[in-house]
Amino acid sequence: MADTAGWGQGSKLTGLMEGMSQIKPVAGGRRRTWITLAGILFVALIAATWIWRNQNSMADAKSKGDRGDRMIHVVTALATRSNVAVRLTANGTVSAQQMVAVRPQLSAMIRAVHIKEGQFVQKGEKIFTLDARTEDANLSRTEGQLAKSRADLTNAERNLERQRELFRQNFISQAALEVAESQVEGLRAQLSVDQATVQANRVARGFSEITAPIAGRTGTIPVYQGSLVQPNDALVSITQIDPINVSFTLPEREFVPLQQALAKGEVSVDVVLDAVGKQTRTGRLIFIDNVVDTASGTIGLKAEFSNADRHLWPGMFVTVALAPRTLAGALMVPVQAVQHGPERKFVYVIGKDGKANPLAVEVRLIQDGLAVIEGEGVVPGMRVVVEGAQNLRPGSVVTEIKPRGGGAGVDSSMSESTDRR
């Protein structure tokens with residue numbers, strides 16, 4: 001029995017050992033599986049990191065190659081030096097040099113109207129006739145009085161001669177002679193008064209014939225034949241049309257250059273008539289106002305123009321242009337070449353090595369598609385980028401192409417514009 005029990009216990013122990021021996025290999029296999037998986041993940045992570053870094057390096061190299069090594073197509077132009085007339089433009093208003101309101105000098109009835117509304121009249125031309133019967137009567141009366149005074153004076157002078165002869169013969173006293181002389185002096189004074197009265201009546205009589213004080217165009221006529229007019233009544237207005245003025249304003253900074261230009265001689269002024277096919281007229285500057293408008297900071301100016309064809313009309317709006325000063329030896333480039341940086345303006349200049357580099361400039365004037373530039377290193381003949389500057393970086397290698405329009409190029413257009421000046 002003891003042996004059987006011992007055998008049983010030995011059998012159990014043997015079975016347990018066999019079971020444990022079977023379980024241990026299974027646990028060891030799982031561990032090796034996890035280790036293998038971790039190794040694979042680690043290798044994959046390293047490979048992904050290497051690929052990512054390699055791709056970034058290639059992208060950086062490609063970007064650097066695009067920036068520095070790849071040719072960029074641009075359109076260029078040469079900087080040229082020339083004298084540039086600084087042209088100023090402004091909006092102007094046509095105004096008459098003279099505009100006169102014709103009024104009667106006396107109260108009378110209109111006998112005749114010799115003009116029509118809108119008619120052009122010459123200076124001295126008769127335009128109205130007033131009823132002058134009263135003035136004629138006054139003139140006749142004063143002329144008669146003047147004739148009587150002349151006769152009285154003649155008689156008194158003859159009497160004075162007789163009195164002097166009698167005085168020399170001692171037939172009359174000194175007092176009697178002086179009375180005769182006093183009578184003559186009084187009649188002479190009366191004659192002067194009568195002459196002045198006649199002259200005044202002739203002037204009044206002349207007011208009945210109203211003539212044009214200036215040459216020009218008549219306006220509306222509010223009176224007719226038979227109308228009774230007073231000295232304050234306006235009969236018609238006459239506006240001078242030829243020559244005619246154009247009034248305009250310019251900024252006060254142009255005041256000194258304008259004064260200097262006028263001191264040297266006549267300053268030409270052009271106007272463009274939009275209403276008649278962009279016609280251009282040339283006149284001359286005749287007036288600079290004596291004050292600056294503090295509200296707008298402008299100075300008032302006037303120019304005179306010949307207007308024989310009457311295309312300029314008072315109240316019309318026109319475009320005014322004048323060139324009072326000239327920039328001598330100005331360096332010009334197309335305005336498209338000027339780039340705006342964060343601090344100042346610049347242009348891309350093409351060097352002998354075919355690379356574009358920025359050059360800081362100052363712009364003095366922009367006119368007719370050209371910019372007048374100044375700055376250190378700015379010289380005539382340098383080639384600047386006109387189109388394609390948005391793709392450039394300092395040191396970019398460029399290749400020049402023709403403009404999109406396929407024309408003669410920017411250089412020839414700049415030469416033509418300079419020649420016109």
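**Figure 1. Phe-346 and Tyr-348, a buried aromatic pair.** Phe-346 and Tyr-348 are both buried (under 20% relative accessible area; exposed is over 50% and partly exposed lies in between, with a 1.4 Å probe and protein chains only). The count of aromatic pairs comes to one. The ring centres of Phe-346 and Tyr-348 lie 5.4 Å apart and the planes stand at 85 degrees, so the pair is edge-to-face. Rings of Phe, Tyr and Trp (its six-membered ring) pair if their centres lie within 6.5 Å; planes under 30 degrees apart are stacked, over 60 edge-to-face, and the rest tilted. The model is predicted: local features need pLDDT of at least 70, side-chain atom pairs count only at pLDDT 80 or more, and totals for chains, interfaces and linings use all residues. Residues are numbered from 1 along each chain as its sequence is written, and side-chain values use heavy atoms, with hydrogens and water left out.

**Figure 2. The open sheet S3-S10-S8-S5.** Four strands make up this open sheet, with antiparallel pairing. Strands S3 (99-102) and S5 (120-121) are at the edges, each with a single partner strand, so one side of each has no neighbour in the sheet. Strands (E, at least two residues) and helices (H or I, at least four) are DSSP runs, numbered from the N terminus. Two strands pair if DSSP finds at least two bridges between them. Two bridges link S5 to S8 (residues 216-218) in the antiparallel sense. Val-121 faces Gly-216 of S8. At Phe-120, the charged end of Arg-310 sits over the ring, 3.6 Å from its centre. For such a charge, NZ of Lys or CZ of Arg is within 6 Å of the ring centre and within 35 degrees of the ring normal.

**Figure 3. Ser-237 in strand S10.** S10 spans residues 236-239 and includes Ser-237. Ser-237 is partly exposed, at 29% relative accessibility. Beyond its neighbours within four places in sequence, Ser-237 contacts Val-100, Ala-101, Arg-217, Thr-218 and Gly-219 (contact: heavy atoms within 4.5 Å). Ala-212 is 25 residues from Ser-237 along the chain; their C-alpha atoms are 9.8 Å apart.

**Figure 4. Strands S12, S13 and S14.** S12 (residues 268-273) and S13 (residues 279-293) run antiparallel, joined by six bridges. Val-272 is opposite Thr-280 of S13. S13 also pairs with S14 (residues 298-305), antiparallel and over six bridges. S13 and S14 form a hairpin with four residues between them. In the turn, Gly-297 has a positive phi of about 70 degrees. Phe-287 has Lys-302 in S14 as its bridge partner. The charged end of Lys-302 also sits over the Phe-287 ring, 5.9 Å from the ring centre.

Figure 5. H3 has 33 residues. Its first and last C-alpha atoms are 48 Å apart, close to the 48 Å expected at 1.5 Å a residue (the expected span is 1.5 Å times one less than the number of residues). Buried residues in H3 include Leu-177, Ala-180, Val-184, Leu-187 and Leu-191. Asp-194, Val-198 and Asn-201 are buried in H3 too. An α-helix has 3.6 residues a turn, so residues three or four places apart point the same way. H2 is among the elements that cover the buried residues of H3.

**Figure 6. Ser-173 in the loop between H2 and H3.** Ser-173 lies in the loop between H2 (133-168) and H3 (174-206). Ser-173 is partly exposed, with a relative accessible area of 43%. Gln-163 is ten residues from Ser-173 in sequence, and their C-alpha atoms are 9.5 Å apart.
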